[in-house]
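Please walk through this chain with the coordinates open.

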Amino acid sequence: MSSLSEDPAELDRTDALGEVVVRAEAYRNWGRWGEDDVLGTLNFIDEPTRAAAARLVVEGRTVSLAQSFDEDGPQRGWKKRNNPVHTMTGTGLDHERNPDFNPHGIGGADDVIMMPLQCSTQWDGLGHIFDRGLAYNGRRAGDVVTTQGDGVTGIEHAAAVIVSRGVLLDMGRHLRPDTGELEDGYAITAADLDACIAAQGATSAVRRGDILLVRTGQLARARRNGWGEYAGGAAPGLSITTAGWLHRSEIAAIATDTWGFEVRPNEFDESFQPLHQIVIPNMGLTVGEMWDLEEIGRVCADRGRYEFLLSAPPLPITGAVGSPINPIAVL
């Protein structure tokens with residue numbers, strides 16, 4: 001393979017590197033927004049895009065798209081990703097036992113949380129994944145992320161950016177109307193995405209600057225049956241062959257209800273997250289994972305309307321390569 005005009009549906013399962021390289025080069029956005037760019041495809045969100053998204057609000061109803069951040073989460077310790085540990089540093093009992101510690105009987109509670117930034121609903125920043133020694137926009141990986149963090153494309157740069165039109169493609173309900181859940185290992189294709197848009201109707205048409213949400217239904221199954229291997233195990237997700245579709249659509253960001261966004265096991269005999277390798281450091285696409293798309297899926301299905309204002313800013317953690325978030329859909 002040397003070039004692509006359309007992503008072929010057939011893959012050479014024995015040549016992960018070759019399949020990654022041709023797509024990385026074909027769908028690369030390096031230099032598209034200048035050599036100093038730190039936002040990648042988030043540049044597709046401009047002021048008119050946000051204004052148009054705001055006009056989608058007709059009721060003012062809000063839906064949180066975040067999973068909980070607590071010790072009962074899905075993490076199993078891979079790469080030291082553990083569930084949050086929440087500790088109280090001041091309690092009501094402390095106050096009761098020493099009510100005169102502060103003047104005029106005032107008391108209070110405080111707490112601290114310790115957690116990996118990618119342990120629950122989160123964004124992958126542009127410094128999260130490298131491709132053969134390089135980070136987004138062709139920078140040397142070691143020049144971008146050091147022990148001090150991501151000094152170039154840190155997640156803080158996106159803190160005021162990620163507010164746009166959200167659009168839900170409910171692949172679970174579309175492809176498995178009987179259960180609403182895709183089976184683990186199902187690879188969502190570009191044809192699947194297009195068919196879902198056609199079935200859901202005009203409000204799910206994907207436009208430049210959108211934040212695309214893809215519901216597989218895996219989270220609903222994990223909640224019903226237990227976490228199991230939700231974190232890092234087999235999962236439905238996007239096929240590597242959707243890379244061209246994602247590039248042509250000019251979406252600003254994409255998020256799913258799975259741990260890893262792309263199909264697992266991956267589509268090669270030996271590989272690890274090859275679609276990440278294409279879309280983050282090459283395309284500059286911001287990727288969200290472990291979003292809770294259950295309530296918004298029900299709301300959209302009931303209304304037959306799949307678009308809404310979506311606010312999903314990361315915490316401005318200086319130098320971070322990812323961030324926990326509480327995305328809010330406003331309908």
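What follows goes from the whole chain to a helix pair, then to aromatic rings and backbone exceptions.

This is a predicted model, where local features need pLDDT of at least 70, side-chain atom pairs count only at pLDDT 80 or more, and totals for chains, interfaces and linings use all residues. Residues are numbered from 1 along each chain as its sequence is written, and side-chain values use heavy atoms, with hydrogens and water left out.

Start with the fold. The chain has ten helices and 15 strands; helices (H or I, at least four residues) and strands (E, at least two) are DSSP runs, numbered from the N terminus. The radius of gyration is 21 Å, close to the 20 Å that the globule rule gives for 331 residues, so the chain is as compact as a globular protein of that length. That radius is taken over C-alpha atoms, and the rule is 2.2 Å times the number of residues to the power 0.38. Along the principal axes, the C-alpha atoms fill a box of roughly 75 × 50 × 45 Å.

Next, burial. Of the 331 residues, 53% are buried (under 20% relative accessible area; exposed is over 50%, partly exposed in between; 1.4 Å probe, protein chains only). Take contacts (heavy atoms within 4.5 Å) between residues at least 6 apart in sequence: 78% of them join residues at least 24 apart.

Now look at helix 9 (274–283). Ten of its ten residues are buried. Among them are Leu275, Ile278, Val279 and Ile280, along with His276 and Gln277. The cover includes helix 1, strand 4 (122–124), strand 10 (237–238), helix 8 and strand 12 (286–289). Turn to helix 1 (residues 16–26), where the buried residues include Val20, Val21, Val22 and Arg23. The buried residues of helix 1 pack against helix 8 (243–249) and helix 9. Just after helix 9, glycine 284 takes a positive phi of about 80°.

The aromatic rings come next. The whole structure holds five aromatic pairs. Rings of Phe, Tyr and Trp (its six-membered ring) pair if their centres lie within 6.5 Å; planes under 30 degrees apart count as stacked, over 60 as edge-to-face and the rest as tilted. Tryptophan 78 and phenylalanine 272 make a tilted pair, 5.8 Å centre to centre with 45° between the planes. This pair links distant parts of the chain, 194 residues apart. Tryptophan 78 sits in the loop between strand 1 (62–64) and strand 2 (85–90), and phenylalanine 272 in the loop between strand 11 (253–256) and helix 9. Both are partly exposed: tryptophan 78 at 38% relative accessible area, phenylalanine 272 at 47%. Trp78, Trp259 and Phe272 form one aromatic cluster.

Finally, check the backbone. Most residues other than glycine have a negative phi, and most peptide bonds are trans. Proline 265 lies in the loop between strand 11 and helix 9. Phenylalanine 261 is placed in the loop between strand 11 and helix 9 too. Phenylalanine 261 has a positive phi of about 70° and is buried at 0% relative accessibility. Histidine 104 also has a positive phi, near 45°. Histidine 104 is found in the loop between helix 3 (92–97) and strand 3 (110–114). Its relative accessible area is 74%, so histidine 104 is exposed.
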